[in-house]
Amino acid sequence: MSKPSSSAGALRAAPAVAIAVIGAVLLAAAGLMLSRPDVAAVGLPLAVWATLAVAAPSRERGIELSADADSGADSAALVDTLEVWSDAEAVELALVLSDGRMRRMLLPARARVVVKTKTQHSGPLPTLAVAARAVEADGALIGPPIEGPELIRSVPPTAGMLSELPLNWQLTGLHGGHDGDRQGQGGDFRDIHPFVPGDELRRVDWRATARAARRPGDLLVRRTDALSDASVVIAMDTADDLGTVVATWGRNDPARTGVTSLDHARAAARTIAEAATASGDRVSCHTLAQNGRSVRSGAGPRHLSRLVSAIAASGEGGDDARFRRTPPIPHGAIVWVLSTFFDGAATEIALTWRAAGHRVVAVDVLPALDETRLIPERQLALRVLLAERADMLEELRAAGIDTIAWHDDPATAVAVLVRAGRRRSGGRMP
């Protein structure tokens, strides 16, 4: 709930009073000139109304406003509740909604307004801005306008469905739900090996011993692979927030941009986080910006709630908010770098992590572009930018970094990476 706003001020004559006076004078003059007393009488109510408004004593009226953000039944719906209280006869409200629309309304002194809007974006959004003023004497007296509370909400993205995620080629954990490449317990069959000190007697394979033992007294044990856990790191590049409509780049117009790159980045981050958490893996999330929010590695439903909250709160950082140092990456982790790759910062950090031995997946979050309404100069500039971006993506592929586009069937692209990891590990998940 937002902090309540309250203010008091003296009432004054509204501009409508001056209009009423002018109208009454003009009607009286027309009646005299045309010898029509009925025409002059039409302006009499206006004159009386204006006289009462001007003669009214100066009074102060106060207004209290409080706003609360609720969750709508629809995931795309934003529901805000506004409480209004005043000692005036009525209150005039001006509301600015999340989609940029403005609404004006006249309410009684005590009222409750429920505002429901829909948005196509996620992340931090200003959902409601309020201004109000007191009204009395049928609108003849108005108070000074006051600024009411402004609600800024972190709208969580919609998560997609990923049945399985690719893993690093060498898992280092000793517990978890993935087959590792070291001897242990709980995994698939590894081999038959002679009994050595430290082996458990319950693991003796008596059939293999009877069939393949070379000397009396030799024992053979059945060994299995260890089950390992995996570490997943999500790195979000928030420097740019580019929409589908290229003509809106550089403008703060969320109603016309279409789906933006940060919408895709937040949706990808939540989808990856939910899929990894469902597999029992440890997940961390870092925003690649100065003073960017980071969530340490963890697992479980409560940790997933923290991740979703951090992802929903990630907004555009701007060109001057580049990160100064790389986030810590645990050994044997797979790193998902979410970026538009329009500059070299995200490319450079992805190459650094790949050179350190981590498996890196570069997720291109740029949406499908709508190039209509572009003048020839901007079309040429866009082609140059896209050519430079293609060179960066090709550099990532040449370094052994997997690249996928999130707007183009990400589930299929991730499934291809999973199968490629199985082929590299010889049919076993590493």
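**Contacts and cores in a predicted model**

Visitor: Which side chain does R61 join through a polar contact of 2.6 Å?

Guide: This model is predicted. R61 has its place in strand β3 (residues 60-71). A polar atom of its side chain also lies 3.3 Å from the backbone oxygen of D87. The polar contact of 2.6 Å is between side chains, and the partner of R61 is E136.

Visitor: Is R61 buried or exposed?

Guide: The relative accessible area of R61 is 18%. Buried means under 20%, so R61 is buried.

Visitor: How are the rings of W249 and F342 arranged?

Guide: A search of the whole structure finds one aromatic pair. The ring centres of W249 and F342 are 6.1 Å apart, and the planes stand at 75°. Planes over 60 degrees apart count as edge-to-face, so the pair of W249 and F342 is edge-to-face.

Visitor: How far apart in sequence are the parts that this pair ties together?

Guide: W249 lies in the loop between β11 (231-236) and α5 (261-278). F342 lies in the loop between β14 (333-339) and α7 (344-355), so the parts tied together are separated in sequence by 93 residues.

Visitor: Which residue has its charged end over the ring of F342?

Guide: F342 counts as buried, at 13% relative accessibility. The charged end over its ring is 5.7 Å from the ring centre and belongs to R389.

Visitor: Which element gives the most residues to the largest nonpolar core?

Guide: This core has 34 residues, of which I234, W336 and L338 touch the most other members. Elements giving two or more residues include β11, α5 and β14. The most, nine residues, come from α5.

Definitions and conventions:
Residues numbered from 1 in each chain as written. Predicted model: local features only at pLDDT ≥ 70, side-chain atom pairs only at ≥ 80, totals over all residues. Heavy atoms only, no water. Phe/Tyr/Trp six-rings, centres within 6.5 Å; stacked < 30°, edge-to-face > 60°. Helix = DSSP H or I, 4+ residues; strand = E, 2+ residues; numbered from the N terminus. Buried < 20%, exposed > 50% of the residue type's maximum accessible area, 1.4 Å probe, protein only. Lys NZ or Arg CZ within 6 Å of the ring centre and 35° of its normal. Polar contact = N/O pair within 3.5 Å; in protein donor to acceptor, adjacent residues only side chain to side chain. Core = buried A, V, L, I, M, F, W, Y, C linked by side-chain atoms within 4.5 Å.
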